[in-house]
Amino acid sequence: MTLYAGKREALEDAFLDRDMPRGKPRSLTRDAMRRLRANKAAVVSLFVLAFIVLAAIFAPFFIPYDYETPDWSAFRAPPSLESGHYFGTDQNGRDLLARTLYGTRISLTVAIIATTVSVVVGVLYGATSGFLGGRIDQAMMRFVDVMYALPYILFVILLMVMFGRNVFLLFAAIGLLEWLTMARIVRGQTLSLKEREFIEAARASGVATFPIILRHIVPNLVGPVVIYATLTVPEIVITESFLSYLGFGVQEPLTSLGTLIAEGTDVLEVMPWLLLFPGAVLVSLLLSLAFIGDGLRDAFDPKDR
Amino acid sequence: MRDAPLLALKDYAITFATPDGTVQAVNGLDLSVQPGEVLAVVGESGSGKSQTFNGVFGLLARNATTSGEARLEGRNLLDLSPRELDQIRGRDMAMVFQDPMTALNPAMKIRKQLAETLTVHRGLSRREANAESLAIMKRVGIPEAERRIEQYPHQLSGGMRQRVVIAMALLCRPKLIVADEPTTALDVTIQAQILDLFRDLIAETGTALILITHDLGVVAGVADRVAVMYAGRIVESAEADALFSRPAMPYTAALMRSIPRPDQDVEAVEPIPGRPPDLIRPPTGCPFHPRCRFVEDRCRRERPPLAEVAPGRQAACWFPFIDETAGTETAPEAAHG
């Protein structure tokens with residue numbers, strides 16, 4: 001009998017603690033982060049992204065050249081270690097490393113602002129539309145269709161004409177175009193979420209419509225929204241490059257990755273470094289973002305692989 | 001004389017507009033619940049038992065229309081604006097859902113979900129709401145409540161989650177709780193615990209409970225009174241003991257014969273022949289007549305009203321199994337002749 005009791009205690013010691021971890025509670029997000037850490041490609045990409053971001057923020061303070069002052073002793077200089085122009089210089093003698101770093105800064109800023117705008121607007125719009133349903137939903141979604149149908153170049157030109165040329169306006173304009181897809185994705189998710197019993201339970205306990213959307217629908221959208229946002233960033237970087245190339249975006253002497261690449265393309269045969277370095281940065285940036293987005297998708301929805 | 005009823009449904013009807021026609025899910029339903037009473041509503045799938053109370057809570061699908069009256073303490077819930085209804089839902093009446101796996105928000109800690117109702121209805125501060133939530137968690141018998149309350153729903157077992165769902169319903173000490181198949185998703189041993197918990201809590205707080213179920217075993221253990229629903233109507237209503245010992249309506253009797261029992265062979269179970277009626281084109285006369293083994297001509301022509309067949313018992317049948325004069329069970333032929 002005593003033996004049995006002792007055995008039971010030992011078993012309880014062995015199992016109870018293991019079955020009931022005392023640490024922090026495991027939220028869906030925490031679980032997803034744990035799975036993300038197990039994904040090698042995503043982790044490597046995170047480091048690459050972090051390196052590019054940190055370099056764009058801090059490196060300009062450590063190099064002796066800035067992005068707009070010509071070096072009169074070095075025009076069209078190829079990359080070299082001796083001169084200090086590690087990425088070479090352009091036709092005007094400006095240091096390409098400095099310009100690439102500043103360009104990355106601008107491109108990332110555009111991406112962050114535009115993504116934030118698209119996430120905030122898209123999530124609220126999509127969740128409201130999906131949750132309310134019926135005619136309101138129809139009307140809201142037809143508005144999205146109309147916006148889709150508008151050529152966005154026209155939209156951007158109109159904004160530029162009305163408010164003058166302004167980089168931040170450009171960021172906002174891109175974001176205001178990107179939210180359309182986000183709104184559709186979020187609406188689809190909301191349609192399936194709102195049939196779940198916990199939404200009905202919230203309604204049955206007297207929670208009003210908008211608190212339900214904000215407290216019960218939106219937090220459950222984290223997975224798809226985060227994934228789509230990471231996939232939006234590269235798209236926005238490309239859009240910005242395109243607009244800059246057309247002359248609507250960032251203007252000289254400021255620059256962005258897209259502008260640098262456009263300029264580099266023109267002189268590819270004589271000064272290939274002007275295309276290669278900004279191109280390499282853009283490609284590694286986009287690739288790492290894509291891998292992170294992929295990793296997040298697997299992490300948030302492990303069944304969907 | 002009885003007290004004023006807590007919830008009174010009068011000529012209550014729900015219809016759904018579908019592409020195939022209008023579905024009369026609930027039809028001319030009269031039902032009342034006294035304060036502190038435990039009423040079980042039983043019936044087959046599709047008999048309208050869940051929809052009846054979803055309608056009371058204003059949770060019906062978009063294509064539904066309700067008519068008649070549903071009065072909670074005299075206020076007709078069907079006339080209220082969504083905002084007024086929000087004030088009553090959760091405070092005066094609460095619902096316990098069938099599946100505890102989906103009735104909790106997976107992205108919210110238990111504490112936040114419990115506190116939500118309290119802050120909405122009683123305007124408590126965060127601290128007060130937290131204290132109260134913890135107290136109710138302990139009351140529904142959750143071990144280590146302090147730790148559990150900080151966890152997410154997926155970290156709790158099914159039985160524990162159902163306790164949380166019940167705790168949520170009890171938070172504002174409602175006068176009425178509607179439990180829609182609260183034990184169906186749980187295994188048998190947990191079912192017994194949850195039913196015990198319900199019984200204790202009801203006795204303690206004086207809350208009225210409406211138990212929607214198709215499990216007659218659950219009914220027998222807990223309910224004071226039973227209402228049997230068929231094709232959107234109440235076809236029999238009686239004290240639980242009386243109903244189980246002597247069902248008055250052929251449908252109730254058939255329902256009871258169709259339950260497998262551990263002390264009988266499977267062959268002893270008699271399924272009810274046929275299918276529940278098509279509610280777009282309900283049968284004429286008594287809705288049960290196509291499946292009733294005691295059917296007479298009158299059943300096909302006229303629909304029997306829900307009438308008193310014995311003191312405290314009502315049945316909607318032209319030939320109930322109760323002899324009104326003697327109060328004893330007789331063959332339907334005898335009652336007819």
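Predicted model: local features only at pLDDT ≥ 70, side-chain atom pairs only at ≥ 80, totals over all residues.
**View 1. Chain A is built from helices.** The secondary structure of chain A comes to twelve helices and zero strands. Reading from the N terminus, you pass α-α-α-α-α-α-α-α-α-α-α-α. Of the 305 residues in chain A, 37% are buried.

**View 2. Chain A and chain B touch each other.** Here 21 residues of chain A meet 29 residues of chain B. On the side of chain B that touches chain A, the elements giving two or more residues are α2 (82-88), β6 (93-96) and α3 (110-122). The largest share comes from α3(B), with four residues. Sorted by class, this side of chain B has 13 nonpolar, eight polar and eight charged residues.

**View 3. An open sheet of eight strands lies in chain B.** Follow the strands across in the order β6-β7-β8-β3-β9-β10-β12-β11, and you will find mixed pairing. In general, strands of a sheet pair through backbone hydrogen bonds, either parallel or antiparallel. Strands β6 and β11 (307-310) of chain B stand at the edges with a single partner strand each, so one side of each has no neighbour in the sheet. On average, neighbouring strands are turned by 25° against each other, with direction ignored. Helix α1 (residues 49-56) of chain B packs on this sheet and touches β3 (38-42), β7, β8 and β9 (225-230) of chain B. The direction of α1 makes about 140° with that of β8(B).

**View 4. Strand β7 of chain B sits between two parallel partners.** Is β7(B), residues 176-180, mostly covered or uncovered? It is mostly covered, as five of its five residues are buried. Leu176(B), Val178(B) and Asp180(B) point one way, while Ile177(B) and Ala179(B) point the other way. Four bridges join β7(B) to β6(B), and the two run parallel; in this pairing, Ala94(B) stands opposite Ile177(B). Five bridges join β7(B) to β8(B), residues 208-213, also in parallel, and here Ala179(B) stands opposite Leu211(B). Helix α6 (residues 158-170) of chain B lies across β6 and β7 of chain B, running at about 170° to β6(B).

View 5. Trace the chain through β7(B), helix α7 (residues 188-205) of chain B and β8(B): together they make a right-handed unit. Asp200(B) has its place in helix α7. Why is Asp200(B) called partly exposed? It has 13 other C-beta atoms within 10 Å, and partly exposed lies between the limits of 12 or fewer for exposed and 20 or more for buried. Asp200(B) and Ala40(B) are 160 residues apart in sequence, and their C-alpha atoms are 17 Å apart in space.

**View 6. Leu211(B) belongs to the largest nonpolar core.** This core has 162 residues, and those touching the most other members are Ala167(B), Ile210(B), Leu211(B), Val228(B) and Val235(B). Helix α4 (residues 96-132) of chain A gives the most to the core, with 16 residues. Beyond its neighbours within four places in sequence, Leu211(B) is in contact with residues including Val38(B), Ala40(B), Ala179(B) and Val222(B).

**View 7. Two strands of chain B pair in the antiparallel sense.** Strands β10 (residues 233-239) and β12 (residues 313-315) of chain B are joined over two bridges. Find Ser237(B), and you will see Gln314(B) of β12(B) standing opposite.

Key:
Residues numbered from 1 in each chain as written. Chains lettered and ligands numbered in written order. Contact = placed C-beta atoms within 7 Å. Nonpolar A, V, L, I, M, F, W, Y, C, P; charged D, E, K, R; others polar. Pairing = 2+ DSSP bridges. Right-handed = clockwise from strand over helix to strand, strands pointing away. Core = buried A, V, L, I, M, F, W, Y, C linked by C-beta atoms within 7 Å. Axes fitted to C-alpha atoms, helices over the stretch in contact; angles between N-to-C directions.
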